[in-house]
Amino acid sequence: MKTGLVLSGGGARGVAHLGVIKALLEMGVVIDRISGTSAGAIAGALLAHGYTPDEILKIIETTPFFRHVRPAFTRMGLLRLDKAEALYRQYLPHDSFEALKIPLHVAATDLIEGELIVFESGELIRPILASCCLPGIFEPYQINQRQYVDGGVLNNLPVECLENKVDFIIGSHCNPFQLSKPITSLKGVLERSLILAVQSKTRERFAKCHVLIEPTELNRFDVLNLRKARELFRIGYEYTLTLEDRLTKAVRELSVGG
């Protein structure tokens, strides 16, 4: 039985994916294919390359990511991501989907055509950066004269990439939809608006996952703050461990049904 893992976007909260993955691996889950967008694309690419979840966490904690972005000189965003290419080549030197140990699908949004584009072959790093290009923060990322923004704008849980390619789909969603927290800042307004914009379509995709992993505690964390990366990792790990019985049952039911 082939198992696919879908990793949502979620900014800094995406670190929780690493804890989720560590728990899954400890349970004996073999990940045969990965799809992801934004933060999920980063986590998925590093895992598919061969890094362990703990190694990826260390990379996040020790790498000054914001030193590799620069101010944008257009009116389409505050920052540019093009300088980050060199940073990612330190960890993904082959810069190729084909060189990955696990097949990977990266979702990004074509801003002009208004459609989701899934990258799965050829160069790797620029599609990852395109997938992470949060509108309003980063200026659109250009690949082959096309402008891309964050894949989460159109699909924050790209489960469709795995349909008909695997038998069992695990979804890791790091943007729990709890909206009771009061809004007190411009940043809060932007974050809440983005969550609401993707909420309905993402809920529809939950049903396509055989098991959905969504630690509700993540709603306490700022999507732009990586300073609590280790705590985010821990939450993803500990929450996933509590789902072991559910995961085992889902696998058994699928096996019997098949």
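1. Helices and strands. The protein chain in this predicted model holds eight helices and 10 strands. The points below start with the chain as a whole and then turn to single elements and residues.

2. Overall dimensions. The C-alpha trace spans about 55 × 45 × 35 Å along its principal axes. How does the radius of gyration fit the rule for a compact globule of 258 residues? The rule gives a value near 18 Å, and the protein chain has 17 Å, so the two agree.

3. Burial and surface. Of the 258 residues, 52% count as buried. The accessible surface of the protein chain comes to about 12500 Å². Carbon and sulfur atoms supply 53% of that surface.

4. Charges. The protein chain carries 30 positive and 29 negative charges.

5. Helix α3, buried side. Helix α3 covers residues 53-62. Which of its residues are buried? They are Pro53, Ile56, Leu57, Ile59 and Ile60. These residues cover an arc of only 155 degrees around the axis, so they sit on the same side of α3.

6. Helix α3, other side and cover. Lys58 and Thr62 are exposed, on the other side of α3. What covers the buried residues of α3? The cover includes four helices: α1 (15-26), α2 (39-49), α4 (84-91) and α7 (229-241).

7. Threonine 202. This residue belongs to helix α6, which runs over residues 186-206. Is threonine 202 buried or exposed? Its relative accessible area is 1%, and buried means under 20%, so threonine 202 is buried. Leaving aside neighbours within four places in sequence, threonine 202 is in contact with Asn156, Leu157, His173 and Phe177.

8. Leucine 111. Look for leucine 111 in the loop between β5 (104-110) and β6 (115-119). Its relative accessible area is 41%, so leucine 111 is partly exposed. Which residues does leucine 111 contact, leaving aside its neighbours within four places in sequence? They are Pro140, Gln147, Tyr148 and Val149. Compare also leucine 111 with aspartate 150. The two are 39 residues apart in sequence, and their C-alpha atoms are 9.3 Å apart in space.

9. Serine 38. Most residues other than glycine have a negative phi. Serine 38 is not a glycine, yet its phi is positive, at about 55 degrees. Where is serine 38 found? It is in the loop between β2 (33-37) and α2. Why does serine 38 count as buried? Because its relative accessibility is 8%, and the cut-off for buried is under 20%.

10. Aspartate 95. Here is another case to check on the model. Aspartate 95 has a phi near 50 degrees, a positive value in a residue other than glycine. At 15% relative accessibility, aspartate 95 counts as buried.

Note on methods:
Residues numbered from 1 in each chain as written. Predicted model: local features only at pLDDT ≥ 70, side-chain atom pairs only at ≥ 80, totals over all residues. Heavy atoms only, no water. Helix = DSSP H or I, 4+ residues; strand = E, 2+ residues; numbered from the N terminus. Rg over C-alpha atoms; globule rule 2.2 N^0.38 Å. Buried < 20%, exposed > 50% of the residue type's maximum accessible area, 1.4 Å probe, protein only. Areas by Shrake-Rupley, 256 points an atom, 1.4 Å probe, with all protein chains shown as cover. Lys, Arg positive; Asp, Glu negative; His and termini not counted. Charge placed at Lys NZ, Arg CZ, Asp CG, Glu CD. Contact = heavy atoms within 4.5 Å. Arc of directions from axis to C-beta.
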